[in-house]
Amino acid sequence: MAETILKVENLTKYFTTPRGMLHAVDGVSFSVEKGKTLGIVGESGCGKSTTGRVILKLINPTSGKIIFDGQDITNYSVRQMRKLRVQMQMIFQDPFSSLDPRQSVMQLISEPIIEHKLMQGKAEIEKRTLELMDIVGLARRYVNTYPHELDGGRRQRIGIARALAVNPKLIVCDEPVSALDVSIQAQILNLLKSLQKEFGLTYIFITHNLAVVKYFSDDIAVMYLGQMVEKAPADLIFERPLHPYTKALLEAVPVPIVGKDRPARRLIRGEITSPVNLPDECRFCSRCDYTCDVCREHDPALVEVEPAHFVACARIRHVEDAAMEKTRGEKE
């Protein structure tokens with residue numbers, strides 16, 4: 001049985017605003033196996049990036065549990081988390097804003113090594129820095145250049161090298177290719193894949209690009225308004241999506257077909273509900289074509305409707321229960 005490296009239980013993060021309580025992350029639960037990739041996908045504002053930051057305790061959670069490598073780190077202090085940073089790292093979305101423009105490539109990559117006192121001698125640190133540049137495919141001739149002198153792909157390679165410098169077990173990738181050209185995106189994704197295979201890394205890959213998440217992830221979690229509405233193996237999400245929001249996301253993917261052969265697309269109607277002071281009902285019901293009375297009775301929980309396939313939809317659960325009752329009656 002595969003080892004679970006990260007387990008999140010009922011994780012929440014609320015922010016106080018002048019209008020009320022903003023539910024950025026609300027009751028999210030999942031686990032990630034060692035050496036695997038969990039893709040978290042959803043539209044802007046769904047809480048996927050906040051989830052990643054709360055897991056790493058860059059932001060403290062409001063409630064819930066974060067269990068990393070068998071340790072409950074939910075209430076770890078800043079000092080305790082500092083020791084744990086070597087095992088949990090993050091690759092940020094914008095490679096330029098996440099790098100100090102006053103530091104050279106050598107200084108940027110060696111900074112985590114020096115900060116965490118992983119090596120002492122200058123020659124040893126420089127040797128390790130050059131090795132990391134080789135690992136991420138960054139030519140050594142750039143060792144004394146600065147971020148503004150490099151393109152987005154090379155800057156992102158610096159970010160990846162910084163994350164690898166401390167030999168982490170878990171890396172949260174927060175839309176690491178969204179700011180890059182398509183050709184560069186492919187290079188970075190292939191690099192991350194090869195590094196995972198070589199070093200046994202575990203990824204949480206946050207993105208809004210379904211094509212990317214399908215290629216890169218073992219499991220996919222779909223988020224909407226701070227909640228996880230569906231979670232399943234990547235192939236299953238694309239072959240048999242169950243939640244109406246997941247189906248709408250897949251139908252919104254551009255198809256390279258024109259004319260009468262182009263399949264009809266059903267777009268999501270309405271506007272996204274405000275995440276402030278949310279009512280106790282399905283958060284997607286105001287935009288869903290299948291809304292019924294049961295959807296407005298309570299906020300549905302994420303339940304397993306088939307092996308390894310979890311869905312938070314009261315209507316689907318209601319239909320599943322009815323089908324089970326019918327089958328049971330026929331057998332009796």
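**View 1. Where helix 5 touches helix 6.** In this predicted model, helix 5 brings Gly-153, Gln-156, Arg-157, Ile-160 and Leu-164 to the contact, and helix 6 answers with Ile-184, Gln-187, Ile-188, Leu-191, Leu-192 and Leu-195. Sorted by class, the residues where helix 5 and helix 6 meet are seven nonpolar, three polar and one charged.

**View 2. How helix 5 and helix 6 are arranged.** The crossing of helix 5 past helix 6 is right-handed.

**View 3. How helix 3 and helix 4 are arranged.** Now turn to helix 3 (residues 105-115) and helix 4 (residues 122-135), which pack with axes 9 Å apart and an angle of about 115°. The two, helix 3 and helix 4, are therefore roughly perpendicular to each other. Helix 3 passes helix 4 in a crossing that is right-handed.

**View 4. Where helix 3 touches helix 4.** On the helix 3 side, look for Val-105, Met-106, Ile-109, Ser-110, Ile-113 and Ile-114; on the helix 4 side, the contact is made by Ile-125, Glu-126, Arg-128, Thr-129, Leu-130, Leu-132 and Met-133. This contact of helix 3 with helix 4 holds nine nonpolar, two polar and two charged residues.

Notes: Residues are numbered from 1 along each chain as its sequence is written. This is a predicted model: local features need pLDDT of at least 70, side-chain atom pairs count only at pLDDT 80 or more; totals for chains, interfaces and linings use all residues. Side-chain values use heavy atoms; hydrogens and water are left out. A crossing is left-handed if the near helix is turned anticlockwise from the far one by less than a right angle, and right-handed if clockwise. Helices (H or I, at least four residues) and strands (E, at least two) are DSSP runs, numbered from the N terminus. Contact means heavy atoms within 4.5 Å. Ala, Val, Leu, Ile, Met, Phe, Trp, Tyr, Cys and Pro count as nonpolar, Asp, Glu, Lys and Arg as charged, and the others, Gly among them, as polar. Axes are lines fitted to C-alpha atoms, for helices over the stretch in contact, and angles run from 0 to 180 degrees between N-to-C directions. Angles under 35 degrees count as roughly parallel, over 145 as roughly antiparallel, 65 to 115 as roughly perpendicular and the rest as oblique.
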